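Trainee: Hi, I have a structure open and would like to talk it through with you. Can we start with a single residue and work outward?
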Amino acid sequence: MRSMSVRASGSQGACRSRNPFFGVTPERALCMTAAGTVADEKLKGRKEAQGVRKRGARAWVQSFEEIPHTGKYGWVNLMKFWRQGYFRQLHKHMEGTFNALGPIYREHVGTQKTVNIILPSDIAELFQSEGRLPQRMTLKPWATHREIRQHSKGIFLKNGEEWRSDRVLLNKEVLMSSAVQRFIPLLDEVARDFCKMLQKKVEREGIGQKGKRSLTVDPSPDLFRFALEAICNVLYGERIGLFSSSPSLESQKFIWAVEQMLATTPPLLYLPHQLLLHIGASLWTQHATAWDNIFSHADARIQKCYRRLSSFQGQGSKAEAAGGQYPGVLGQLMEKGQLSLDLIKANITELMAGGVDTTAVPLQFAFFELGRNPEVQEKVRQQVRTSWALADGDPLVALQGAPLLRGIIKEVLRLYPVGITVNRMPVKDIILQNYRVPAGTTVSVCLYPMGRSSDVFDDPMRFDPGRWSSGKGGQRISGFRSLAFGFGARQCVGRRIAENEMQLLLMHILLNFNISVLSTEDIKTTHTLILQPETPPKITFSKL
């Protein structure tokens, strides 16, 4: 893998060779024309890298229209996206465009207009301009589905005061430290059971001497089941049995529906989906059907949990009636009664749908990177063993004593961000790279190219969980460089569940298995609504 270095625009009349778009033949690249647009030109050789423009480098602020862009005509650009396959390689398209145009550019594709940025200093400006009620781009295909099916919208699809009031209540149940302490044991239980299942599989199907067997597998199917089992245990306070010899077909259908929903979302973001809905286009039908299946499955889980919790009425709190066990996020929300049942259903469904791929896929990448970096793996294992020995079986204490586990998650999401952008709509005009960006403009932080940029990270292609330790090498890591879960008041509401879920599984895997890979070559990635491997890597698990 190569590192990416952002380069700023030179004089507007100069054409400079840069890394080409994904899918464009090697003889052609992007360059700036005098009008500030992107045009195809013969590759003339790479010029010397120019420094990124710093604020104050020019005596005047340039207009929004002067921001470099990839073409004025949205529908022409959309056809190019479709023809070149950019929807599935959007992360590579962004990387190539930043290399061509510098640290900021505009893009107009179909119905979508964005300003894309990459540097932490610009992200800080964006964060400071988001205001009390941060707004981000609404995923209109999702919102349209809720409207035509008359479902309530969860906080992911809301803005304004309505978003804030619901978000404050949800934060108490999934983000605050008191909530983390309640659900950590449930996540730890699932992680332990996953390891037990894997141990049995290695012993049954692996090669080598008994007790020291190894097994090479594609772990992705089991990781998806793990992720769904874990999120359901946290949301509903009960297990759904996905590690059994005959897991539920309905649960597998839910996983397939989530994957179909993610795959059909990106093209719908750029198309007039209301028109597609009107003409009954197959793309919209597939998307809506996937969401229908997600809601149907979630509703069945919610109704079952609701009946179980309702049976405890009159017996004190639901937690006490359940024998002191944590009743899950759903039980907590129902007991407090501060959200309507429809809003609880909407948010629980969104958390459930968002809690599968967003942890299962990063875990695939984590296993791969640990497997091809054995020195890193052993260093983390030694820290985990020491922490586990001192924790006396307390998983939260064990995680606190092994910060490299968190470093692994940050490194994986730096190199392979699940969602490749974080966007905001500033509430006031802001200046980015000496360009004025009007209030209300959708500004996207592009995480994949940022994570691989040598202007942002030292030796960016090196997998180094220790880089996130405070003060290492004098590099300031904290300032808007780890953004896979977003930032500020609109950061991912489920981030504490996801972070702890992944760390706990890695902890138990490292305590029980050595991880290796058959090939250390870079993984080819593809983009649906999330970044994932084109082909899941084969991982070898060897019992310790």
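Trainee: Is E189 buried, exposed or partly exposed, and why?
Mentor: This is a predicted model, and in it E189 has 35% relative accessibility. Buried means under 20% and exposed means over 50%, so E189 counts as partly exposed.

Trainee: Which helix is E189 in?
Mentor: Helix α6, which covers residues 177-205.

Trainee: And what does E189 touch, leaving out residues up to four places away in sequence?
Mentor: Two residues are on that list, N233 and R239. N233 sits 44 residues from E189 along the chain, and their C-alpha atoms are 9.3 Å apart.

Trainee: Take F541, then. Which residues does it touch, beyond those up to four places away in sequence?
Mentor: Among them are L198, V202, F367, I509 and F513. The list also includes R213, S214 and N514.

Trainee: New topic: H527. Where is it, and is it buried or exposed?
Mentor: H527 lies in strand β11, residues 525-527. Its relative accessibility is 4%, so it counts as buried.

Trainee: What lies 3.1 Å from a polar atom of the H527 side chain?
Mentor: The backbone oxygen of F87. Apart from neighbours within four places in sequence, H527 is in contact with F87, R88, Q89, L90 and H91, along with P266 and I420.

Trainee: Okay, helix α4 now. Which of its residues are buried?
Mentor: In α4, residues 140-149, the buried ones are P141, W142, A143, T144, H145 and R146. They pack against four helices: α8 (249-270), α9 (273-279), α10 (282-310) and α13 (341-354).

Trainee: What about the residue just after α4?
Mentor: That is Q150, which takes a positive phi of about 60 degrees.

Trainee: Let's zoom out. How many helices and strands does the chain have?
Mentor: There are 19 helices and 13 strands. Of the 544 residues, 56% are buried.

Trainee: And what share of contacts with a separation of 6 or more comes from residues 24 or more positions apart?
Mentor: 74%. As for the surface, the chain's accessible area is about 22,600 Å², with 51% of it belonging to carbon and sulfur atoms.

Terms used. Residues numbered from 1 in each chain as written. Predicted model: local features only at pLDDT ≥ 70, side-chain atom pairs only at ≥ 80, totals over all residues. Heavy atoms only, no water. Helix = DSSP H or I, 4+ residues; strand = E, 2+ residues; numbered from the N terminus. Buried < 20%, exposed > 50% of the residue type's maximum accessible area, 1.4 Å probe, protein only. Contact = heavy atoms within 4.5 Å. Areas by Shrake-Rupley, 256 points an atom, 1.4 Å probe, with all protein chains shown as cover. Polar contact = N/O pair within 3.5 Å; in protein donor to acceptor, adjacent residues only side chain to side chain.
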